[in-house]
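Look over the sequence and the model below. Then work through the questions, one at a time.

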Amino acid sequence: MDLSAISPTLLVASLMVAATPILLAAIGELVVEKSGVLNLGVEGMMITGAISGFAAAVLTGSPMIGFLCAALGGAALSVIFAIITQYFLSNQVATGLALTLFGLGLSAMLGQSYVGIKPPASVKLDLPLVSDIPVIGPILFSHDFTVYAALTLVTGVWWFLKYTRGGLILRAVGESHDAAHALGYKVVRVRILAIMFGGACAGLGGAALSLVRVPQWTEGMTAGAGWIALAIVVFASWKPARVLLGAYLFGGVAVLQLNLQAAGVSIPVEYLSMSPYLITIVVLVVMSANRSKSALNAPAALGRVFHASR
Amino acid sequence: MSKSLLHINGLTKAYPGVVANDDVSFNIDAGEIHALLGENGAGKSTLVKMIYGLVRPDHGAMQLAGKNFSPAEPRAARAAGVAMVFQHFSLFEALSVAENIALGMETPPKSNALSARITEVSQAYGLPLDPERLVGDLSAGERQRVEIIRCLLQEPKLLIMDEPTSVLTPQEVTTLFTTLRKLKAEGTSILYISHKLEEIRALCETATILRGGKKVATCDPRKKSARELAEMMVGGTLNSAKAKKTTLGEVVLKVSELSLPPQSAFGTSLKNIAFQLHKGEILGIGGVAGNGQDELLACLSGEVKTTGDAIQLNGVSLGNMLPNVRRALGVLAAPEERLGHAAAPDMSLTENAMLTAMTRQNLSKSGFLDWPRAKAFAEQVISQFDVRTPGPQSAARSLSGGNLQKFVIGREVLQDPEVLIVNQPTWGVDAAAAADIRQALLDLATKGAAVIVISQDLDELMEISTSFAALNTGRLSTARPMAELSLDEIGLLLGGADAAA
Amino acid sequence: MLRLEKRPDPSKTWGYLAPVLAVIATMIGGGVMFALLGKDPFEAIRTIFYDPLFSEFAWYYRPQLLIKGAPLILIAIGLSMGFRAGIWNIGAEGQYIIGAICGAGAALAVYPLESALVFPVMILCGAIGGFAWSMIPAILKIKFGTNEILVSLMLVYVAEQLLASMSLGLMKNPEGFGFPGSRNLQQYASAHNAELWTGTGIHLGVVFALIAVIFSYIMLARHQMGFHIRLTGESPKAAKFAGVNPNKVVIYCLGFSGALAGLAGMFEVAGPSGQISIDFNVGYGFTAIIVAFLGRLDPFGILLAGLLMALTYIGGEIAQSSLGLPSAAIQAFQGMLLFFLLALDMLTNFKIKRTNTEVRI
């Protein structure tokens, strides 16, 4: 065992990369939940994004087109969820589960001929001199562009929810759809847009996994990342800045356990691999234990079916 | 002033099985307070929803200030100068006052400017409000101010108010009327929806009365007696419930030092509640919703446990017993929310009979349920309380409000309670059903049971209670015989003034 | 324009019709999907739904129907209780794995002892294992209000790692030439969950599945607990008013589904599968969610739905070998079925009406 092989600088730098897929998916789900919709299909949308992005990048040779297709793929899958829950008024929990099951099957089917292929490399920031500064360089200035894109997105969502009228309407719809409807806001339209945004983000998160983090396509490669993203939204009590914190925390755990595995710590590999899931549970417990605080931020209409009766 | 502002001509709207509005026509003049009077289900809310653009009429037309007016959505109505203060469902608890107001405006100013405007307007009309507070922390009266100011900021030509006083204390009503008269003086028209006759006679110069979706009359309410108005509204003479002379028996229920912390983020706490209830007594507990009514009922029914001694039935401490144990001992309850609390919406009436009658009617033997007996009991409730429904297999949600309420009250009354607690027993119920329910409660008390009626409707409490106490921010005033109290005193009690507290 | 109008009473007819229509719609949707994959849609649908029952090799496939159907039905019966109460155990896959590990562990611990007691002890251990695993989300929900969906799901991944650890370490067959995986229980007479009648596919797990169906029917229709479960799902506030203890319902629903999932895992590892291995679990715990909904959370509906879903598994395998249909296509196909079902379910509670859009001014 050689723990000194683990460099803190590299650890921080790589946790940012490791956290990006979850961060993207979680910030999308945050917007969905703020509009009062609980979409448990994040895992399914993520993996659909992973394969559509991967396939598009391999076929065109352009990672950018890959990311675009990943977002479209995730959004397309989320449209199914949007239609069934918003027009057919189905139970959101069950429909989200169906979305995950369907997405896992669909992606495995689409991905058959892509197993074992290496995707084109994504764009990496490489500023001469700046990127070479010790410690700060690797942490701040030499990542794949998805890392910066995700950070920008988080900032954008934070600003949108806090300062724009659209954000206010979105929060209002998630707070009480009846009141929003009475004031003349289009509840269903707002929610469908939010669901599609969430789908696109989850798709991007999937592509960040298959094109940048791994980078490879394997069946079921998200391995619960979508569910962890859902947990992070709860952990963050629906606040964008805390989503960032949560995602980086989990990224840190994931990277640390990989590093420990590589360093040959005497804990069996399987138990190290469990750790991100166990820590998710622990964090969920800690968050729900002081319920009264986080409940204030939870959208009051979360998961409730809206039907304008008269 | 007699310039017509809104002209309504032949508005008709039908829903499957019911014509909500049938060829309704009338005029609202500029600067007039116009009452829209009618029972629950007379079609008042459908009519105003059409004016506000939430519902489109099947036939008919409207003109606003001489121009054709057919708003496709509330936004269009607001743009044309129509604003509405809702009875429910239009505020967002987790958002601030300023955010709530911004949501009701088409083009709200920047947040600083908006806050300044809110403060300015609220002071001009005597309705003080802090723009930064969360609506969830406000009282019912303050919430209504938010709605009114939201409307006033748009400088409307027509302000629609849907049952605005149902959540206010008599003193708050006076303040509201002052504001409305001031608006009228400034030339704003007000469409005032209510079923409270005295209020309308005090405030309005014109009244349009709806019954069964049709316009019955337009008249000057100041020139009619309350009785005449009531008869036009109901279309016949009304039976009011009659109390027989009863003498109070010994104390059955004793509540002392009953306190409860808030159960949710915006919940109310109960503070040191104490009262005694005698056989044959009907204790009316008045107060504006949100002052601890639901919490008090939950403590008495057993949904929320308290310290054992806080509630005693004939000397037995009940406070930490489960609902079914209390039922076995004779304490029954009917909560306010009919669908989703007193009854499960998608379950049949038989299943809903099982819901509370399992213990007292012996519907369960060693855990196995006796459905035929439950069905028989449901049928008994249906027939004795004149519940209009195809039968006990119907889902609770298929019943009208009044019928379901009769079922819910009947289900408890027929179990022969020693103490019955009801919360808002006639809220949203048509007048005939309300009279039946009140009579049933009176009869129950005559037979020697003790009844607690929690209600916002002061007329109701004055009609049936033998004693009265007011609930204000979780405190209960000392119970006093109803006959000793004047309306003014009651108003002061509701506002929280209680020498004994 | 079309508009939805809530029915006063839920429609019984549509309650039965919706699953049937959903299956038909899925056949059409699946056919389109198969056509896009370049397969003959008619042949693919026939292979999946008809061949396992009526082709010349049907004698081989029909018993398979019971072997694959039994775990699905066992798990789905358990899940349906919770789903009715609004308690979402979606970690049955994990409880299934733990049940198998505990059941097999009990057998491997006493190997090679031959005794009539071995198998009953395995059954007990399997049920307790699944139960205990499901108590983690249950207790966390009661004590801290933690979301049971996320916790039970996270525990699936934990269970999978445990499974890997067991098949590579503690339970690895010492005579297995270093290959991962435990001893094969099919070769350990006392522990083998053999067919009760050769060639029928009926093993003890099938019998347990049938008992579970009947038990759950009686529970829901006649017993106080079942009524309280339904009430909790319909309206938690009304349940509280009726005196239902919500914590009891959580423990009961999660515990019952955990124990049944554990049993399913135990019967599988002792019978059809035979050994603990890294890829022991094949997603029954997730497919059972579809089965529960397709069966409308009704015990006898679940019985039929479980058999139908088993049919698609077997048919999918046939289609895989004879038509080269990817195995994942069946998974997508099953997901599609759930979509159609959820969408059509609306018709039990709503009527579709044509709105009157003309407004005369």
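Q: How many bridges join strand 4 (residues 59–64) of chain B to strand 5 of chain B?
A: Helices (H or I, at least four residues) and strands (E, at least two) are DSSP runs, numbered from the N terminus. Two strands pair if DSSP finds at least two bridges between them. Strands 4 and 5 of chain B run antiparallel, and the number of bridges joining them is 2.

Q: In strand 5 of chain B, which residue is the bridge partner of Q63(B)?
A: This is a predicted model, where local features need pLDDT of at least 70, side-chain atom pairs count only at pLDDT 80 or more, and totals for chains, interfaces and linings use all residues. Residues are numbered from 1 along each chain as its sequence is written, while chains are lettered from A and ligands numbered from 1 in the order in which they are written. In strand 5 of chain B, Q63(B) has as its bridge partner N68(B).

Q: Why is strand 3 (residues 33–37) of chain B largely enclosed by the rest of the structure?
A: A residue is buried if 20 or more other C-beta atoms, placed from the backbone, lie within 10 Å of its own; it is exposed at 12 or fewer, and partly exposed in between. In strand 3 of chain B, I33(B), A35(B) and L37(B) point one way, H34(B) and L36(B) the other way, and all are buried. Strand 3 of chain B is largely enclosed because its buried residues number 5 of the 5.

Q: Which residue of strand 9 (residues 206–211) of chain B is the bridge partner of H34(B)?
A: Strand 3 of chain B runs parallel to strand 8 (residues 189–194) of chain B, joined by 5 bridges. There, L36(B) has I193(B) as its partner. Strand 3 of chain B also runs parallel to strand 9 of chain B, with 4 bridges. In strand 9 of chain B, the partner of H34(B) is T206(B).

Q: Which residue in strand 14 (residues 311–313) of chain B stands opposite L253(B)?
A: Strand 11 (residues 251–260) of chain B is joined by 6 bridges to strand 12 (residues 270–278) of chain B, running antiparallel. In strand 12 of chain B, Q276(B) faces K254(B). Strand 11 of chain B also runs antiparallel to strand 14 of chain B, with 3 bridges. Opposite L253(B) stands L313(B).

Q: How many of the 19 residues of helix 2 (residues 42–60) of chain A are buried?
A: Helix 2 of chain A reaches 26 Å from its first C-alpha to its last, close to the expected 27 Å. That expected span is 1.5 Å times one less than the number of residues. Just after helix 2 of chain A, G61(A) takes a positive phi of about 75 degrees. Helix 2 of chain A is mostly covered, with a buried count of 16.

Q: How many helices does chain A have?
A: Buried residues make up 55% of the 310 residues in chain A. The secondary structure of chain A includes 0 strands, and its number of helices is 13.

Q: Which helix of chain C gives the largest share of the side that touches chain A?
A: Two residues are in contact if their C-beta atoms, placed from the backbone, lie within 7 Å. By that rule, 39 residues of chain C are in contact with 42 residues of chain A. The largest share of that side of chain C, 13 residues, comes from helix 14.
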